[in-house]
Every structure is written in C-alpha cells, then in structure tokens.
Amino acid sequence: MEKNHELKRYNIKPIRELTQVEIEQIAREVIKKIETIMVDFDGNYMYEHIVKSKMYLAKIPEQYTNVNYIVSTNSIYIRDEENIKEIDEIMFHEIIHYIQCNQENNIGAMPEQMGLCKLHGYIITGLAINEVAIQLIISLVFNNKQENTNYFGIKVKAIQNKSFPILCALLQQITYVLGYKELLTSILENTDDFKEAFEKFAGKKSYDFLRNSFDKMMNARDKIASDRRALKKEKNIKNRRMIEKRIKIYTRRNPKSLFSSTKIVLYRIF
C-alpha cells in the first residue's frame, strides 16, 4: 500500500519490468564505463548489486528526470526505451543511489550511511560531498571536458557539469592528489575510505571543514534556486524587488565566501 502510494505521489506509472537480460546488459555497460577511468576496477561488487535490481519502463511526468530511483519501492523507473539501450549520466547517477541503499543489512531502506553521507536520525552530514563525488565520477566516466564556468558569480574552470560545477572543481583538485580509488570505493560500498585517506593527509579538522563547507554551499545554492523560482511566479512589484534583493545579497555573501574560504584551506593543505 505504501509503495503504491509513493508511485501515485510522483505519478509514475510502470509499463513493464525489464528482463534479466536487459538488466545484465545495463550492469555490464556501467562497469565498462568505470573501467575507462580505472583500469584495475573490480566490478564484481557493483555487478552483483545491479543485476538484483528491479527496473521498470514507465510513464514519468515531464518535471522529473528520465530515470528515477525510488527508495520506498526499491526500484528504478526509466522513461523510454532509449535509456535502456544507452546508459546516460542520469541512469548512472540513479544506479549509484540504488547501490548505496542496498547494502547487506539495508535492502531498500535509507541506510545510516550513503557513500560519504551519514544520517543520524534527523541530522544529515556529508550530503553535498556525496552528491558531488558521484557527479565527479560520472563526469570523468563520460569524458566531460573542462570549461570556464560562471556559477553564482564564481568564475572557475571546471569539468563540464550542470549540477555542481564549483564543488566538482574543488573535489577534483583533491582527487588529483589522493586518487579516485578511495572516492569510488566510498560511494559504491558506503565506506570511510576517502575520509580516512583525506584525514591521513590533512587531518580530521580539515575533512570536517571540507564536508561542512560543501553542505553549506549546496544549501546556499538551493535557497537561491528556490528564490529564483519564486521570482518567476511573483506578480507583485514590491515582492519581486524584495526577492531580487535577497537573491543578490545571498549570492554575494554565501557561495562566494564559502568557496573562497574552502579554496584557501585546500591551497594550504595541498
């Protein structure tokens, strides 16, 4: 009943379940892509998780992405046949979230740890760094190019990424030194490998600062994005001016200052 309710809430309507052959093909393609950035990658762990998944071709409302993993149904929903034939970045991202939620003692439920993110009751830490780590790996796997980006007034050369360009740029600087192996292990197996490697190199306080800065920058981005959506709907001129002023102040003070302080800390460390 709860599962059906969740699907109704998102208005996702399954059409058919993917065959085991189709799921196995997706698993092989995902692992092949990771091997392009890490030749010694052992894909058995990832393969075993993916082939056990439930995937559905489904009718998905336009406001949602082409592929969605829903925790309550523990299933992946795919908009059309093309997404089955060719793995894209969104499919890759949702598969990783599926794996993070399906560890040995945590089948189809929110775990206490998802990659680099930890959940302690209502307290969540590391949500941003986990999302950025996933997106960085995906950007590398899909061979996205470096490009000049102006994101909330922050100019940086970053790997092509629509979601987290400045955070990806910061994390990429770190992985140049520490490598990708620990980062990939952490996001696929819910381990502290990356955290421990960073702390060994720079200390616990530095890692805590990095994790918290990423969370704050993502929260700032979400608040600015929320205000921009509100601005599009607002008709009252006085209210529009208030929102515009809030966006301007928040953009200038929050992402920029957090990015600058984080960059300074990383510069000192590395």
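Quick ground rules. The model is predicted, so local features need pLDDT of at least 70, side-chain atom pairs count only at pLDDT 80 or more, and totals for chains, interfaces and linings use all residues. Residues are numbered from 1 along each chain as its sequence is written, and side-chain values use heavy atoms, without hydrogens and water.

Now the pocket. A pocket here is an open set of points on a 1 Å grid over the protein atoms alone, where a 1.4 Å probe fits, with protein on both sides within 12 Å along at least five of seven lines.

What lines the largest pocket? It has 30 lining residues, meaning those with an atom within 4 Å of a point. Thr65, His93, Glu94, His97 and Glu131 lie nearest the centre. Among the elements giving two or more residues are α5 (89-100) and α6 (127-141). Helices are DSSP runs (H or I, at least four residues). α5 gives the most, with five residues.

Next, those two helices. The axes of α5 and α6 come within 10 Å and cross at roughly 135°. Axes are lines fitted to C-alpha atoms over the stretch in contact, with angles from 0 to 180 degrees between N-to-C directions. So α5 is oblique to α6: oblique is what remains after under 35 degrees (roughly parallel), over 145 (roughly antiparallel) and 65 to 115 (roughly perpendicular).

Who touches whom? Residues including Phe92, His93 and His97 in α5 meet residues including Glu131 and Ile134 in α6. Contact means heavy atoms within 4.5 Å.
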